Amino acid sequence: MLVTDQVSKQFGGMTVLNRVSISIQPGEIVGLVGPNGSGKTTLLNCLSGFLSPDEGTIRFGDIRLDRLPAWKISRLGVRRTFQLPSQPMKMTVLEAMLCGASLPVGASMFGLFRPKHRQAEEREAIRRAHELLDMLKLSHLTHQPAGQLSGGQQKLLSIGTALMEKPSVLLLDEPTAGVNPTLRLGLVEHLKEVHKSGTSLLIIEHDMDFITRLCHRVYVLDRGEVIANCHPSELKDNPRVVEAYLGAPKTTAVTGEE
Amino acid sequence: MTQVLIDSAVRAAELSLIAVGLSLTWGIVRFANVAHVQYAPIAGYLTYFATISLGLGLLPAAILAIAATGLLGLGLQRWFFQRLASSGAASALIGTLAVSIVITAVIQTVAGPRPRALAVPLTAGFTIGDAVITRTQILIIAITAVTLPLFFGFLWFSRPGRAIRGVAVNPQLAEASGINTRRIRNLVTFIAAMLAGLGGILLGLDTSLDLNMGAMLLLPVIAATITGGIGNPAGAVIAATLIALAENAALGINFGALVGGDAYLPVNYRPAVGFLVLILVLLLRPEGIFGRSGRRA
Amino acid sequence: MLDFLLYLVTVAAIYGLLAISLNLQAGVTGLLNFGHVAFFGVGAYATGIVALHGGHWVLGVLVGIVAAAVLGAAVGRIGRTLAADYWAIVTLAIAECLRLIATNETELTGGAQGIGGIAGPFTGLSTTAASIGWIVTALGLLAAGWWLAERLTAIQFGRVLRLLREQPLLAESLGHNVTGAKVRLLMIAAPIAAVGGSVYTMYISFIGPNQLLPIETFLIFTMLIVGGMGNTSGAILGALAVQLVYTGTRFIKDYLPIPAESAGSIRLLLIGVMLTAFLMFKPSGLIPERLRRVDARH
């Protein structure tokens, strides 16, 4: 469904991605792991349109994504979260959630003159927002300023905002970094529910336990190249993967602590 | 033609002195200091009042004025802009706009709206072909030709100079390698304000001191700074030269061939020439002609 | 005294419109428009030039609105790739270029002398009737502007703008066309300022290039900072406060022994000190921006 074909990206002469070909099928949960600096986030930026690849193509179904702006890709149903918490200070959690919804009447400047339609679509979005906030255990914070939540809560919230439009594919950049261990376990359950409701997931993660519990398949990137594509349980038996990780601090690979 | 070159050289000298400082501070403090161009009239008027009220000669008055302008620039940076910058570049930007207007208001209050002339002994100029260059203009070019190499020598070969460039390129890395970025910021704003002050005095010698000097400088100086690349003073000098040439060429060209009759661009449109250069550069190469990294939003 | 009060309120209301417009750009969307006075100028000169050619004042206002929207869209397109401080400088430069044109194209704009004797809806009425007509018009427009800005900021349109002010990447990732939203916002904000320009021009029946100086933009920024960036009511309160100081200081010269030619600069100095003080000690202004609580029945 979401397929990259030989995608390469360079920054100032340094090759960050080298002919990366990956695919995510409908109903899959795919992990993307690799040492720091292996190009995981760059790949995710290419997939979501925040960077455009130097070479190669990215397809979503029949649509070429690699030359589309990020917002169009998001509207097609491929959404992402960011590694760092990035919620607005001057908005409540509920408002931040509504930003994730597509409200065509309210988003137009003429929506002002169609109050009935506008309120109807907004009511529907608020209902969905409450549902998601309940699921993410954030409902007690509904009217708090979004930017003042803890880092972990902000990451949960950003997953929530991305889910407002029921995306076909959700790209998550380190969803558990900075999230405390209890929430982390909960997050596995949340993401399973998200998956059940029909969203495919691509997850960048350092926490191997998290990957093993959740993912059907995992890609390993090292220095911009895919060095493995297997079931999470097969990772520790793969000599290339073990070698790639020996260069990085061992704790990163094993526990996800930074 | 020779006249265009002479006028451009003088103009380039004045613009460069102001633009190098803005380029360097913009690169280091990370916001555009709109008030930077106002350091020029400040030093000019300080020189004027030092010669009139204190009875100093032009040279000691100018040195005093340049030092005072440097200190003012340093003080503003330390106690005002830096504080605003901590709550966002937007506040700092508005703050520099505020300071810029306050400076104009102060000058108007103290010196009144009439232009003032610095006391220069009037001497005949030299004739080169059909062009004329005055002794003052030679002096302006000479002083700039000495000052800028000194400045770049400092920037490229001295220890603090290297630290300055380090901070401009990567502040985090510079901080991590033991450079006191705050001290560097102060040093840079001090030097930049002094250079702008010198430029203002030279400009005042060339023409006269005018309330609108800062406002008239804003567009060409900013154009030179951005065209040359933020944080790249050498680029600013080259860009200032290009803009000075463009200004004088545009004013000297008879557009009559296009529209019939004699049609010169009115002198009043001079600031717009630099601006047109700026718009073209921003649309085509926002990182500047000589800039290394883009600053696209 | 009554005449003076009428004048003060009318001018404050007109500046209120300008402040509302700038607040939509700078306060809500984070677009630091340092050339805001250009939108005012487009409305003012459209009205003046149409009047000069014997056109009806309604035509002048409409031309101003359309021209400002076009200028707003153009300025927004330029900004699509620029960092915030570059954009601020570019807008300042554009406004300065428009002022140069206004000063130099004498045949079109009257040059440095400006355009005088501009007729408006209340031309021909007695002074008192015209003053009352103008104050009602200005306050009516202010109320309309307030409603428009307030509602636009509250619905999803404005929510997206407020999100992209703080987190442009997040807005993009949620499917919002950031450049498009900025352009559309400018196409709304610019005409609001242009209407302010038209009304001002007809009210004092004069427009000249000295009303397009960057100082005017600075004055409106002061209103926003004093009132509180990001909320419409703050912009209006700021407009009133600054206008009070600005107009009030006209009387300083009656009481203090200062030359008349310095009075203008002292007024400016006072405004500058006011802005500086608020920036330093109360950056969120008299009415800080509040969180918007969304309720299901909303």
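**A note on numbering and confidence.** Residues are numbered from 1 along each chain as its sequence is written, while chains are lettered from A and ligands numbered from 1 in the order in which they are written. Because the model is predicted, local features need pLDDT of at least 70 and side-chain atom pairs count only at pLDDT 80 or more, whereas totals for chains, interfaces and linings use all residues.

**View 1. Chain B as a whole.** The secondary structure of chain B comes to 12 helices and two strands, where helices (H or I, at least four residues) and strands (E, at least two) are DSSP runs numbered from the N terminus. Followed along the sequence, these elements give the pattern α-α-α-α-β-β-α-α-α-α-α-α-α-α. The C-alpha trace of chain B spans about 60 × 50 × 35 Å along its principal axes. Its radius of gyration is 19 Å, which agrees with the value near 19 Å that a compact globule of 297 residues would have; this radius is taken over C-alpha atoms, and the globule rule is 2.2 Å times the number of residues to the power 0.38. Buried residues make up 50% of the 297 residues in chain B, a residue being buried if 20 or more other C-beta atoms lie within 10 Å of its own, exposed if 12 or fewer, and partly exposed in between, with C-beta atoms placed from the backbone. Among contacts in chain B between residues at least 6 apart in sequence, 75% join residues at least 24 apart, and two residues are in contact if their C-beta atoms, placed from the backbone, lie within 7 Å.

**View 2. Helices α1 and α5 of chain B.** The axes of helix α1 (residues 2-29) and helix α5 (residues 135-157) of chain B come within 9 Å and cross at roughly 40 degrees; axes are lines fitted to C-alpha atoms, for helices over the stretch in contact, and angles run from 0 to 180 degrees between N-to-C directions. The two helices, α1(B) and α5(B), are therefore oblique to each other, since angles under 35 degrees count as roughly parallel, over 145 as roughly antiparallel, 65 to 115 as roughly perpendicular and the rest as oblique. Among the residues that make the contact are B:Ile6, B:Val10 and B:Leu17 of α1(B), together with B:Ile140, B:Thr144 and B:Phe151 of α5(B). Sorted by class, the contact of α1(B) with α5(B) has 10 nonpolar, four polar and one charged residues; here Ala, Val, Leu, Ile, Met, Phe, Trp, Tyr, Cys and Pro count as nonpolar, Asp, Glu, Lys and Arg as charged, and the others, Gly among them, as polar.

**View 3. Helices α1 and α10 of chain C.** Chain C has 13 helices and two strands, and the axes of its helix α1 (residues 2-28) and of α10(C) come within 9 Å and cross at roughly 75 degrees. That angle makes α1(C) roughly perpendicular to α10(C). The residues that meet here include C:Tyr15, C:Leu18 and C:Leu22 of α1(C), and C:Ile220, C:Phe221 and C:Leu224 of α10(C). The contact of α1(C) with α10(C) divides into nine nonpolar, two polar and no charged residues.

**View 4. Where chain C touches chain B.** Of the two pairs of chains that touch, chains B and C have the most contacts, with 33 residues of chain C in contact with 36 residues of chain B. On the chain C side, the elements that give two or more residues are α4 (84-104), α10 (214-227) and α13 (260-281), and α4(C) gives the most, with 12 residues. This side of chain C divides into 23 nonpolar, seven polar and three charged residues.

**View 5. Where chain C touches chain A.** Here 28 residues of chain C are in contact with 34 residues of chain A. The elements of chain C that give two or more residues to this side are α6 (127-154), α7 (156-166), α8 (168-173) and α9 (178-204), and α7(C) gives the most, with seven residues. The residues of this side divide into 12 nonpolar, seven polar and nine charged. No contact joins chain A and chain B, whose closest C-alpha atoms lie 10 Å apart.

**View 6. A:Ser197 in its loop.** A:Ser197 lies in the loop between α7 (181-196) and β9 (200-204) of chain A, and with 9 C-beta neighbours inside 10 Å it counts as exposed. A:Ser197 and A:Gly27 are 170 residues apart in sequence, and their C-alpha atoms are 9.4 Å apart in space.
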